[in-house]
Amino acid sequence: MAQTYRFTVNGEDREVSARPDLPLIYVLRNQLGLTGTHYGCGLEQCGACMVLVDDEAVYACTRTMDSVANKSVLTMEGLGTREAPHPLQQAFMEEQAGQCGYCLSGILISAKALLDRNPNPSRSEIATALDGHLCRCGAHTRIIRAIERAART
Ligand code: FES
Ligand code: FES
């Protein structure tokens with residue numbers, strides 16, 4: 001049965017009605033119109049759906065609404081804007097790190113979580129942070145370069 005949930009999304013207080021076991025991604029995309037969070041596998045296998053919940057990178061495809069009540073969620077849309085991109089977004093553009101771009105919103109979220117806790121990660125620390133992400137286009141090398149560039153700036 002649906003319940004009312006209050007939480008913060010990209011700094012705004014939101015109230016939604018949802019089943020407790022409904023994965024967060026459906027609320028973000030279908031109720032709040034935040035389609036920057038992508039659905040891939042639905043099984044914590046691809047990382048396309050990654051968002052921050054209270055600053056921790058989590059899979060929105062399996063994280064239930066019950067578990068995010070009264071918490072703070074950051075999605076791709078809260079990272080930066082076209083006019084004022086986040087340093088990570090700027091670096092991804094400068095390195096031309098994306099091809100199709102489907103994986104990138106999740107990767108950018110994990111990269112933000114990494115740089116927030118470790119502003120100068122090594123290449124292997126970046127690779128470890130991206131362990132939960134698949135990129136079918138094979139843009140891994142440029143993605144890692146972009147995160148290194150963002151860390152420098
Ligand atoms: S859609 Fe969530 S990990 Fe693939
Ligand atoms: S850029 Fe296409 S899946 Fe990563």
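Predicted model: local features only at pLDDT ≥ 70, side-chain atom pairs only at ≥ 80, totals over all residues.
Mentor: Two strands pair if DSSP finds at least two bridges between them, and helices (H or I, at least four residues) and strands (E, at least two) are DSSP runs numbered from the N terminus. Residues are numbered from 1 along each chain as its sequence is written, while chains are lettered from A and ligands numbered from 1 in the order in which they are written.

Trainee: OK, strands first, then. How do E3 and E4 pair, and over how many bridges?

Mentor: E3 and E4 are antiparallel and are joined over four bridges. Among the facing residues, methionine 50 has tyrosine 59 of E4 as its bridge partner, and valine 53 stands opposite glutamate 56, which also belongs to E4.

Trainee: And what about E3 and E5, how many bridges join them?

Mentor: Two bridges join E3 to E5 (residues 72-74), and these strands also run antiparallel. On that side, leucine 52 has leucine 74 of E5 as its bridge partner.

Trainee: Back to the hairpin of E3 and E4, how many residues lie between the strands?

Mentor: There are two residues between the strands, and aspartate 54 in this hairpin takes a positive phi near 50°. Most residues other than glycine have a negative phi. Aspartate 54 sits in the loop between E3 and E4, and it counts as exposed because it has 12 C-beta neighbours inside 10 Å. For the wording, a residue is buried if 20 or more other C-beta atoms, placed from the backbone, lie within 10 Å of its own, exposed if 12 or fewer, and partly exposed in between.

Trainee: Which value does phi take at glutamate 44?

Mentor: Glutamate 44, which is not a glycine, has a positive phi of about 60°. Its place is the loop between H1 (24-31) and E3, where it has 14 C-beta neighbours inside 10 Å and therefore counts as partly exposed.

Trainee: Where does cysteine 61 lie?

Mentor: Cysteine 61 is in the loop between E4 and H2 (65-68), and it is buried, because 24 other C-beta atoms are within 10 Å. Although cysteine 61 and glutamate 44 are 17 residues apart in sequence, their C-alpha atoms are 7.1 Å apart in space. If you leave aside its neighbours within four places in sequence, cysteine 61 is in contact (C-beta atoms, placed from the backbone, within 7 Å) with Pro23, Ile25, Tyr39, Gly42, Glu44 and Cys49.

Trainee: Changing topic, how is the protein divided?

Mentor: Domain 1 covers 3-78 and domain 2 covers 87-152, with bounds that come from an automatic or database domain assignment. The C-alpha centres of the two domains lie 21 Å apart, and 14 residues of domain 1 are in contact with 13 residues of domain 2.

Trainee: Which strands supply the side of domain 1 that touches domain 2?

Mentor: E3 (50-53) and E4 (56-59) each supply at least two residues of that side, and the largest share, three residues, comes from E3.

Trainee: What about H4, is it largely enclosed or open, and why?

Mentor: H4 is largely enclosed by the rest of the structure, because 10 of its 14 residues are buried. The buried residues are Leu104, Ser105, Gly106, Ile107, Leu108, Ile109, Ser110, Ala111, Lys112 and Leu114. They pack against E3, E4, H3 (87-94), H5 (123-129) and H6 (140-152).

Trainee: And which residues are buried in H6?

Mentor: In H6, Ile143, Ile144, Ala146, Ile147 and Ala150 are buried. They cover an arc of only 155° around the axis, which puts them on the same side of H6, the arc being that of the directions from the helix axis to the C-beta atoms. On the other side of H6, Thr141 and Arg152 are exposed.

Trainee: What covers the buried residues of H6?

Mentor: The cover includes H3, H4 and H5, and H6 in turn is among the elements that the buried residues of H4 pack against.

Key:
Contact = placed C-beta atoms within 7 Å.
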